[in-house]
Amino acid sequence: MKRIVIKVGTSNLSDGETILSEAIERIARSIARLREKFEIILVTSGAVASGYTKLRLDKSLISHKQALASIGQPLLLETYRKIFESYKILNAQILLCGHDFDSCSCTQNAKDTIEVLLSNKVLPIINENDALATAELKFGDNDRLSAHIAYYFDADLLVILSDIDGYFDKNPHEFPEAKLIKHITSIPEQNLKTTYDPHGHFATGGIVTKLIAADFLMKRGKKMFLCNGAKLEDLEAFLLEGIQRSGTIFGESK
Ligand code: ADP
């Protein structure tokens, strides 16, 4: 059975204020369908946003963000647990940091756990250990972490769900004429560099971390699919019927 890592971003789960259980419900419904054909590992963000619904700390401070993550992570998982239970899917939580992949024995331990979970039809739900992972919190999102998970845990494909239909030849939020690139096999080095705007935000949205994730996987002979989390029917068509309505495939097609 092919193994797929699906990464869900905060933008797929929240309205900017709270985590929406309807959003989790839609993702769970899709995952339940996909599990008939694939082994699925879910990587989810959303801990800080969940924590913020309970305690309004100033999120510009790293220590506050970490405290919010530690409040929010159990709340987030509880929402997933309740919803997946209605699909008779048992889930498990694994919290990882980037440096967990620096040590072979640590990676192997995590992989052994994942194998046991998957062979018992349990859905592993992974998040960054945000309460500890300072650099990860600063540089944001689980894109690079999910690429490591896909590679080290032997997935055939990483799916990144975003708020956009895929990778365009330029930022579609700035350039309405931007064209979707449906398939790409290499990324120019200059597109992998993060640039910041004067407010310290990514000048290019979060697309660079997605490109870095894709580049990491492509250089190791793996594939990634970037698609819109609001169009899960397109993801299902791609994975279950091999029809690409939207989204970008990164890597050689077989
Ligand atoms: P998420 O929160 O879903 O992880 P991000 O907002 O971090 O997603 O990253 C996606 C955003 O990157 C898009 O909404 C878009 O504004 C921006 N972006 C910049 N350049 C591009 C591009 N060439 N193609 C697609 N998106 C781009």
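In this predicted model, Leu 42 has Ile 125 in strand β4 as its bridge partner. Strand β4 belongs to an open sheet of eight strands with mixed pairing.

- The eight strands follow the order β3-β4-β2-β1-β5-β9-β10-β8.
- Strands β3 and β8 (183-184) stand at the edges with a single partner strand each, so one side of each has no neighbour in the sheet.
- Helix α5 packs on the sheet and touches β1 (3-8), β2, β3 and β4. The direction of α5 makes about 165° with that of β3.

**Strand β4 and its partners**

- Strand β2 (residues 39-44) pairs with β4 in the parallel sense, and two bridges connect them.
- Val 43 stands opposite Ile 126 of β4.
- Strand β3 (residues 91-96) also runs parallel to β4, and six bridges join these two strands.
- Ala 92 lies opposite Pro 124 of β4.
- From β3 the chain passes through helix α5 (residues 104-119) to reach β4, in a β-α-β crossover that is right-handed.

**Burial of strand β4**

- Is strand β4 buried or exposed? Six of the six residues of β4 (residues 123-128) are buried, so the rest of the structure largely encloses this strand.
- In a regular strand, side chains alternate between the two faces of the sheet.
- In β4, Leu 123, Ile 125 and Asn 127 point one way, while Pro 124, Ile 126 and Glu 128 point the other way. The residues of both groups are all buried.

**Helix α2 against helix α4**

- The axes of helix α2 (residues 21-34) and helix α4 (residues 62-85) come within 10 Å and cross at roughly 50°.
- Angles under 35 degrees count as roughly parallel, and those from 65 to 115 as roughly perpendicular. Helices α2 and α4 are therefore described as oblique to each other.
- The crossing in which α2 passes α4 is right-handed.
- On the α2 side, the contact is made by Ser 21, Ile 24, Glu 25, Ala 28 and Ile 31. On the α4 side, Leu 76, Thr 79, Tyr 80, Ile 83 and Phe 84 take part.

**Helix α2 against helix α9**

- Helices α2 and α9 pack at an angle of about 10°, and their axes are 11 Å apart. This angle makes α2 roughly parallel to α9.
- Arg 26, Ile 27, Ser 30, Arg 33 and Leu 34 of α2 meet Leu 232, Leu 235, Glu 236, Leu 239 and Leu 240 of α9.

**Burial of helix α9**

- Seven of the 10 residues of helix α9 (residues 232-241) are buried, so this helix is largely enclosed by the rest of the structure.
- The buried residues of α9 are Leu 232, Asp 234, Leu 235, Glu 236, Ala 237, Phe 238 and Leu 239.
- Among the elements that cover these buried residues are β1, α2, β5 (157-162), β9 (223-228) and β10 (248-250).

**Helix α7**

- Which residues of helix α7 (residues 143-152) are buried? They are Asp 143, Leu 145, Ser 146, Ala 147, Ile 149 and Ala 150.
- The cover over the buried residues of α7 includes β1, β2, β3, β4, β5 and α8 (207-218).

Terms used
Residues are numbered from 1 along each chain as its sequence is written. This is a predicted model: local features need pLDDT of at least 70, side-chain atom pairs count only at pLDDT 80 or more; totals for chains, interfaces and linings use all residues. Side-chain values use heavy atoms; hydrogens and water are left out. Buried means under 20% relative accessible area, exposed over 50%, partly exposed in between (1.4 Å probe, protein chains only). Helices (H or I, at least four residues) and strands (E, at least two) are DSSP runs, numbered from the N terminus. Two strands pair if DSSP finds at least two bridges between them. A crossover is right-handed if, with the strands pointing away from the viewer, the path from the first strand over the helix to the second runs clockwise. Contact means heavy atoms within 4.5 Å. Axes are lines fitted to C-alpha atoms, for helices over the stretch in contact, and angles run from 0 to 180 degrees between N-to-C directions. Angles under 35 degrees count as roughly parallel, over 145 as roughly antiparallel, 65 to 115 as roughly perpendicular and the rest as oblique. A crossing is left-handed if the near helix is turned anticlockwise from the far one by less than a right angle, and right-handed if clockwise.
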